[in-house]
Every structure is written in structure tokens, then in C-alpha cells.
Amino acid sequence: MKNIAVLIQSLTVEYSINILNGISSYFTDKENYRLIIGQTKNPNYKLGLYEYQYWAAEELLLSDEIDGIILISGSYSSTMKTKDLANRFKQIAKEKVIVSVGIDLGLEPSYYVHVDCNNCYKEIVEHLKHKHKCKNFAYLSADFNLSSESKERFTAFKNALKENDLVFDEKLVYQTLLTSSSAYEYFKKHFTHKDQVKFDALLATNDLMAQGVMKALKEIGINIPEDVKIIGFDDTSHAENATPSLTTINQNIFNQGFEASLLMDQLLSGNTQDKVREIEAYTVYRQSCGCIHAGDFAMNSRGQILITDPKQKTRYKSNGDYSNYLNELGSIALLMDMLKVTNSLQRFYNSLKYIMDTIDVSSMGICLYEKPISISRNDDIQIPDKVNLSIFVDGMNDVFEPKETFNPKKELLPEKYIKNLSGLFLIHPIFSGENNYGYIISSLRNESFSIYNLSLKLISNSVAQAYELTSSLNQNEQLSIQNQQLQQDKTDLSIQSKTDELTKILNRRGFMELAEKNMELAKEIGSNGLVIFMDMDGLKTINDNYGHKMGDSAIKAFATVIAKTFRANDIVGRLSGDEFAAVAVGLEKKHLKKIHDKIDNFCCEISKEKNFPFTLSCSMGATTFSSTKKNITKLLIEADKELYIEKRKKHKKQNS
């Protein structure tokens, strides 16, 4: 199994997600590769309060077990100098295979994927000159000291002017950050009247900057494209969604990731390769240069019409299904609700398997340093030599709490736990304020990178808070054992008051309380579901013929059956002697037969396993809850009525 680290500045921008989609697409069928993605921000990151802590992911992904690094160098260009990034990896390139995506870092050896934009700039300048009669060309750039890509695009622009016999005017060169807001503020400040605008075409370093310029110019009465033609770069969703839609240069972001992965695979396989993979960019013409006048269409440089139906925009979603996107947001809301009650490490560990089901990951390891390390913004992050694997959950098997110590500089997880696991992984440091506690590493089931990153961020916050609370409780215990015992007793009493003593599932009080919360959450995400009422068949007969001890065993066995039948996120409980209930978000009445069949099968299995002189069974009734119908007491009454309809049918059948 080969381990490849993917280092990326941010997982919240479209550029990064498109590149990751290209990388993951290549490795989808490669079972001998483990791809570990880390959002790093920058060392000593200036934005945010403590986001510099993300750089710990970079330190971790230099572990000895990493065979190669795909470095998305272009993603760092807005906040980090290219030479600083290159210096960071100069020594590492001598030890590991590094493929840079976007920028030649001048490493030794240096392997990189490069986008050639010269032909596109030549074509677009020629197009603006001859078709739209543009004469005065402006350019909006980013800081060349930060972004060598910006410098390269600016050079291509100047060469294009020269080849088209146009004059380059330094007064028409502007510089801002690589953001829409920065471009907007700059042009808003420097252009207060339309007569100040001395250019009839402007090319921007990226789509966001172009969008900011358009907004500022329109506010002073400039019509686009009639007065000024605006051209972007990247062909992101911002280009399609701009008003007017933005003519731009598509730099084949997905293919950059794919080609970088192919190059990495070939290098790790021992094949000699050229140091650079060239990707051809192409121009996409839309409304902002006056080529397309109406409708949701775009045209490429060959004059072919590109349909861009807004209902089918998929590249900036984790998938093309909008309902799935809403479900992902619903999962985040449910995760936040679940994490509210994980205020100690043990409670968090007890809930971890359910948390994993909610965010749809197949395995997760929580690794904690022996004690937190304190990191300020100006510190170099140093990873300790020891970390404890506090818990590891493999969704296919079981939950392990090995409390095993290992060196994260040599391996990110002990190999025995993940030796058969390949595919996509995401690593996320656990931190709060200046304290760094360790890291989470989790396998992913799909390419919803931004959603997974947000989920792990929420989990990281919860673990950090639980760690602090647990430490505080331990200190209090050392100071006052008696006080700690009283606190624990209070907690136990609270849990006991909501747990059925015989079956260890929720009692009526606990069920009613959690059922209402679950239905409120369902309302927030716009989902309905079922309230299901179940009554064990023949409990009185069991008690009369075999005694109450056997009756209690039957009740416990049936509780096991329903806990096994329903999903981890469903709420199940025992309401009274032989009465049980469940609340299941997202299920409909058409699912009832399948649920009943599962219960019958599990009842047969456990009856044989326990050597019961009878076979467990139950009667069932259900009703649908919704945002306007969510009173749990009334819903249980309705479900009970449905249950007795089934019971009457059974009695009638038995007596016929």
C-alpha cells in the first residue's frame, strides 16, 4: 500500500475542490493507494484567530510512511510567497516524490503540472481587437511576489498586446488581492465617475477579481459589455453566475489534478518521466465581451455552443444532485445536535459510531498527544514524538479503544488497524485557541470534501472541549474525590432517569424527550418520518406458562431485536411492560412491511439463540409525523390505533 499526501491551502474554494476531484478520479480504482488529504492554510497564517493551527496537518503529512506528496501550489499563491513555499519543501524533495500542481517550485528534482495560457491571451486580445474594436487594454493583477502564476499571466498578456501591435500602458495596470471584494473596493475608491475610465477592455487574473470590477464599474454607470469588455480567468461557477456572464479562460483545473496523479503514479512505479506536464487552457466566450447576448449559453474558442443550464451545474457541488446537497446540510445540522451532548471524552467515544453514520464515513481514528502543545501564531509547529490512539472505529467491524502509543512522525495510524483500508482519507488537527491536542484521520466514502472538512472541524471542536472538560474533572477528582463522586452520582441519576432498567434502552421519559428533539430537527431540514408503536405478542401467556423471569428475558430479547432493526439515528424506547416505540426520520409507511419482516427474522434468530420454548413476535402500528403534525403523545395514540387493527386481524386469523 502506497501512501500519498495531498497538501492544499483551503478546502472551501472551488479551485481546490475541482483539483481534488481530478486527483480522486484518477485514484478511484487504485486499491494499492491510500490518498490522505490535509487542509493546511499557511504557516503563521495571518487571517482568522487560530487558523494558523491548520499547518499542523502539513507537519503530520511529512510522516515517514508517506511515499509521495501532491502539493497544490497554486492554492497557496494568494497568501504565501512562492519562494517561501519552495524553501519549505526543498529538503523534503530529496527524500520524497513531490508533484507540484500549478507552479514550478524549482525543487530538485522538480516535477510539476503547468497550464500554458499564452495562446489563450493571444487569442482573446486578437478577438477583442478585431471583433469588438477594443484599443485600450487594462489589466488587473495580483501581487507578483506572492503569486508567480499572476506574474506569468501578466507576461502572457503583455506578449499578446505586442503580437497584436497594441500599446502596453502601465497606467492601465492595477493590482489587488485575488478576491472579488478587494477588486471592488479598489475600483470603487479610484473610479468615482465614468469619465475616469480610460480603457475599453480589462483582463483580470481570476474570475473573482473580474466580478468585483464589473460591480464597481456598473455602479458609476459603465455598461458591460457595451462600454467595457471584461475577461476573467479560471472559468469557475462565478463566471457563469455573474451578471452579465463572464468571458474567461478555462485552465482545465480537473485535468491538472488528474495529470498530477498520473505523474505521481508513474514516478512511484519507478518510471522515468518528464519533469513537466503541460495542460492546455482554452477560452470560453460569454456575455461580458459582447459575444453572447441572451440565454444561458457560452461559446468556446472553436465557436461551439456550450450549454450551461443552471439546473445542471455540478462542478461546484460535491455531486450533481441538489437534494443530496440538502441532505449533506441536514447531516451537518444533525451532527451539531449530536455533539451538544458529547461534553466528555467518554461520552464522545460512546457516540462516535453514531456520529460516523451521520457524516457517512467508514472509519475514524482520534489521536491525542500525551499533553496538549501550546502554539502561538509566530511559532514553528513541532509535532511531538508520541501520540495516543485513543479510539479507532472501523464501521465494518467494531469500536476499539486501544490507548496505544506510537510516533506520528513515522506513521499516522498503526498499520495493523488500517492495513486493508485504501481510498480517500482526510486529516484534521484538533485544536482550540493556542492548544493543539492531536488530530483526526478519517476515511471518506465520496468526494464531498468541503462537507467532510466542515464535519471534522465540528468534531475537532467537540473533542477539544471534551478533552478540557475531562481534564478539569480529573483535576477536580484529585482535589476532592467526594465532590467528584457527587457529581458523577448526579450524572448517573440523570442517565438512569431516562433509561429502562430492564432493557437498558430509553424508558418512556427518555423516549418522549428525544423523540420530540428528533422531530424538531426533522422539521428544520424539511423532512418527515414515522412514529411506530410495537406490542409484543403473548407476553401474558409467557408469564403464566413459564414465569415472570422468562417474561423478563423475552422483553430484554425483544428490546435487542428492535435496537438491531432500526438505524443508529432512529429513537427507540420501552414505554411500558410489553409496549415499545420508535421514531424514524425519513421513513414512510411503504417501508413498514420491510421493517416488520426484519423484526420477525430477528425474533426467530434470537428465540433459537436463547432456546426459548416459544418464538417472539410483535404487532405494529404507525403514523406519519410532519412539521405540522409533531405532538408525540397524539402520534403514539394514532399509531396505537393502527396497532390494534393489526391485532384484531391476527386474532381473527387465529380463531378462523
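Helices here are DSSP runs of H or I with at least four residues, strands are runs of E with at least two, and both are numbered from the N terminus. Counted that way, the chain we have on screen comes to 19 helices and 24 strands. Before we walk through it, please keep in mind that this is a predicted model, where local features need pLDDT of at least 70, side-chain atom pairs count only at pLDDT 80 or more, and totals for chains, interfaces and linings use all residues. Residues are numbered from 1 along each chain as its sequence is written, and side-chain values use heavy atoms, with hydrogens and water left out.

Let's begin with confidence. pLDDT is the predictor's confidence in each residue, from 0 to 100. The chain has a mean pLDDT of 86, and 89% of its residues reach 70 or more. Residues 307-322 fall below 50, and this stretch has 31 contacts in the model beyond near neighbours in sequence; a contact, by the way, means heavy atoms within 4.5 Å. Residues 479-495 are below 50 as well, with six contacts beyond near neighbours in sequence. Where pLDDT is low, the predicted coordinates should not be read in detail.

Now the chain as a whole. I'll say "buried" for under 20% relative accessible area, "exposed" for over 50%, and "partly exposed" for in between, using a 1.4 Å probe and protein chains only. Of the 656 residues in the chain, 52% are buried. The accessible surface comes to about 31,000 Å², and carbon and sulfur atoms own 48% of that; these areas come from the Shrake-Rupley method with a 1.4 Å probe, and for residues only the protein chains shown count as cover. Among contacts with a separation of 6 or more, 71% are between residues 24 or more positions apart.

Let's zoom in on helix 11, residues 345-359. Where is its kink centred? It is on L352, and the kink is about 50 degrees, where the bend at a residue is the angle between axes fitted to the seven residues ending there and the seven starting there. Several residues of helix 11 are buried, including L345, F348, L352, I355 and I359. The C-alpha atoms of Y349 and V463 are 9.5 Å apart, although 114 residues separate the two along the chain.

K41, in the loop between strand 2 (33-39) and helix 2 (56-60), has phi near 55 degrees, in a residue other than glycine. N611, in the loop between helix 18 (592-609) and strand 24 (618-625), also has phi near 55 degrees and is not glycine. Are they buried or exposed? K41 is buried, at 8% relative accessible area, while N611 is exposed, at 66%.

Next, the cis peptide bonds. One joins E108 and P109, with omega about 0 degrees, and P109 lies in the loop between strand 4 (97-101) and strand 5 (111-116). Another joins T243 and P244, with omega about -5 degrees; P244 is in the loop between helix 8 (237-241) and strand 10 (248-250).

S245 brings us to Q287: the backbone nitrogen of S245 lies 3.1 Å from a polar atom of the Q287 side chain. Q287 is in the loop between strand 12 (282-285) and strand 13 (297-300), and Q287 is buried, at 17% relative accessible area.

What about cysteines? With a disulfide taken as a pair of cysteine sulfur atoms within 2.5 Å, the count is zero. For C120, the nearest cysteine sulfur belongs to C117, 7.4 Å away. For C291, the nearest is that of C289, 3.4 Å away, and C291 is in no disulfide. C120 is buried, at 3% relative accessibility, and C291 is buried, at 13%.

One last stop: H428, in strand 19 (residues 423-432). What does H428 touch, leaving aside neighbours within four places in sequence? Its contacts are Y54, Y439, I440, N453, L456, K457 and S460. H428 counts as buried, because its relative accessibility is 1%.

Note on methods. Polar contact = N/O pair within 3.5 Å; in protein donor to acceptor, adjacent residues only side chain to side chain.
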